[in-house]
Amino acid sequence: MRRLLISAAVAALCLATAPAPAQQPASALPQGDGRDIVATACTQCHALTVILAMRDGPIGWKRHVYTMVMKGAQVTPSEADTLLAYLDANFGPGQRLPPAKTITLPPGPGKELVETRCTLCHDLERVTAAKRQKSEWDGVVANMLDRFGLAAPDEARQIAGYLAEQFGQER
């Protein structure tokens, strides 16, 4: 029993002295209603760099926020609405991403769609670094278009086909 109490005390001390995950100041966030919510609620578990590098559509952000609330994020329902509007306005598809390496995609059918659609939310380094089985790309692309709130089955097939051909792995 004594060991358990000592272990608990050491763990509590480590948690109390651990640096907070938010190492960037809130000033790194764009101005707007919701900025303070991000700066306080989200940085309880995540560094701001996670949010600054993300781009998602309204459906995707809603999934993220609600998942985080289910995991214990301290956000009221009205704050969640404000937070969602802020994230979508400032970190939605098409918003400028932090500078990334220059990546040139290999030629092939669907390349242009990947360059125009996928880069609304991701840099090409992330797209090309994804390790997926060829059979997984259909679901990944469908999920991304759903998060963006877009139903485009022809584009989805072309994008998934290109990604599977160029970056898919065999089992």
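So, α8 and α9 cross with a right-handed sense. This is a predicted model, by the way, so keep that in mind as I go through the packing. Helix α9 covers residues 153-167, and the axes of α8 and α9 sit 9 Å apart at an angle of about 135°. Angles from 65 to 115 degrees would count as roughly perpendicular and those over 145 as roughly antiparallel, and α8 and α9 are therefore oblique to each other.

Who's touching whom there? On the α8 side you've got W137, D138, V141 and L145, and they meet A156, I159, A160, L163, A164 and F167 of α9. By class, that contact has 9 nonpolar residues, no polar ones and 1 charged.

Okay, staying with α8, which spans residues 137-148, let's look at its other partner here, α4. Their axes are 5 Å apart, and the helices pack at about 95°. That makes α4 roughly perpendicular to α8. From α4, the contact takes in P58, I59, G60, R63 and H64, while α8 brings N143, D146 and R147.

Helix α4 is residues 58-70 and helix α5 is residues 77-91; their axes come within 10 Å and cross at roughly 135°. That makes α4 oblique to α5. The handedness of the α4 and α5 crossing is right-handed. As for the residues, P58, W61, K62, V65 and Y66 of α4 meet A80, L83, L84, L87, D88 and F91 of α5. Sorted by class, the contact of α4 with α5 comes out at 9 nonpolar, no polar and 2 charged. If you're looking at the structure, find P58: this residue is listed in the contact with α5, and P58 is listed in the contact with α8 too.

Let me zoom out to the whole chain. How many helices and strands does the protein chain have? There are 9 helices and 2 strands.

Methods
Residues are numbered from 1 along each chain as its sequence is written. This is a predicted model: local features need pLDDT of at least 70, side-chain atom pairs count only at pLDDT 80 or more; totals for chains, interfaces and linings use all residues. Side-chain values use heavy atoms; hydrogens and water are left out. Axes are lines fitted to C-alpha atoms, for helices over the stretch in contact, and angles run from 0 to 180 degrees between N-to-C directions. Helices (H or I, at least four residues) and strands (E, at least two) are DSSP runs, numbered from the N terminus. Angles under 35 degrees count as roughly parallel, over 145 as roughly antiparallel, 65 to 115 as roughly perpendicular and the rest as oblique. A crossing is left-handed if the near helix is turned anticlockwise from the far one by less than a right angle, and right-handed if clockwise. Contact means heavy atoms within 4.5 Å. Ala, Val, Leu, Ile, Met, Phe, Trp, Tyr, Cys and Pro count as nonpolar, Asp, Glu, Lys and Arg as charged, and the others, Gly among them, as polar.
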